[in-house]
Amino acid sequence: MATKIFSASPVISASATRKPVLPKAIASRLGTSLAAALAATSVLTMVPALPAAGEGNQTYKIYYGTAASAANYGGYGGNSDRKASAEYVYDVPEGWKERLVSKVEKGTNGTDSEFYNPKKRTEKEYLTFLAGFRQLAPRDVILNNLALSDVDLQDLIAGADKVVSEERKDETGQVYYLYEIDGVGKHSLITVTCAKNKLYAHFVNAPAPEWNRDHDTLTHLRDSFKTVSSS
């Protein structure tokens, strides 16, 4: 069962910093380090996680991502324990489907894993990661940098009615940035953190009707994401 790293709370706390975040002028596209973004070998367990209060009978599976290098993409052989080598985890609702990410996609925009609701494919969660980040930059800088490699995110931010951000820490003191973007007909929850010299970004996206209907489930997905410390 995945352990939530954040205490139960509204989507964004009252103390959250609230200011619009607009994308800066893009002087250049992604640099070499982003173009060399790494791939992952990961596994979805069959152990259900418990639903949070208010989620009814919704159950989850725990996804383990190892964020391996692109050179190791597809390396499923040997006796390696994927769960033991996981670098991050998040919950996936029972019944959601995995979209297999191509090696090319993993190597160009850093997409590492993705799951979607088969009843509405645009209701989904996914994770990207980039190597070479030892610590987090300021919150507005991080969000704008993420948008450099995601045209949909650029459009969402540019047309957003509201962008809210806040900083949280887990029980070990690791910092997570949380963003909530209320866009035109679409809602997005993004969680960003740095660990193991990598920047991890977990996205939960949904059209407005699904956001209103599945609010508790989608915030559960947001709060279930965490990186895994080396033992």
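**Pocket lining and helix packing in a predicted model**

Helix 2 (103-109), strand 6 (111-117), strand 7 (120-131), helix 4 (151-158), strand 10 (186-195) and strand 11 (198-207) each contribute at least two residues to the lining of the largest pocket; helices (H or I, at least four residues) and strands (E, at least two) are DSSP runs numbered from the N terminus. The structure is a predicted model, in which local features need pLDDT of at least 70, side-chain atom pairs count only at pLDDT 80 or more, and totals for chains, interfaces and linings use all residues. Residues are numbered from 1 along each chain as its sequence is written, and side-chain values use heavy atoms, without hydrogens and water.

The largest pocket has a volume of about 370 Å³. Of its 21 lining residues, Lys124, Tyr126, Asp150, Asp152 and Asn205 are the closest to the centre. A pocket is an open set of points on a 1 Å grid over the protein atoms alone, where a 1.4 Å probe fits, with protein on both sides within 12 Å along at least five of seven lines; lining residues have an atom within 4 Å of a point. Strand 7 gives the most to this lining, with five residues.

The axes of helix 3 (residues 139-148) and helix 4 come within 6 Å and cross at roughly 130°; axes are lines fitted to C-alpha atoms over the stretch in contact, with angles from 0 to 180 degrees between N-to-C directions. The two helices are therefore oblique to each other, the class left after angles under 35 degrees (roughly parallel), over 145 (roughly antiparallel) and 65 to 115 (roughly perpendicular). Leu143, Leu146, Ala147 and Leu148 in helix 3 meet Val151, Leu153, Gln154 and Ile157 in helix 4, where contact means heavy atoms within 4.5 Å.

How values were computed
Points joined across faces, edges and corners; volume = space filled by probe spheres on them.
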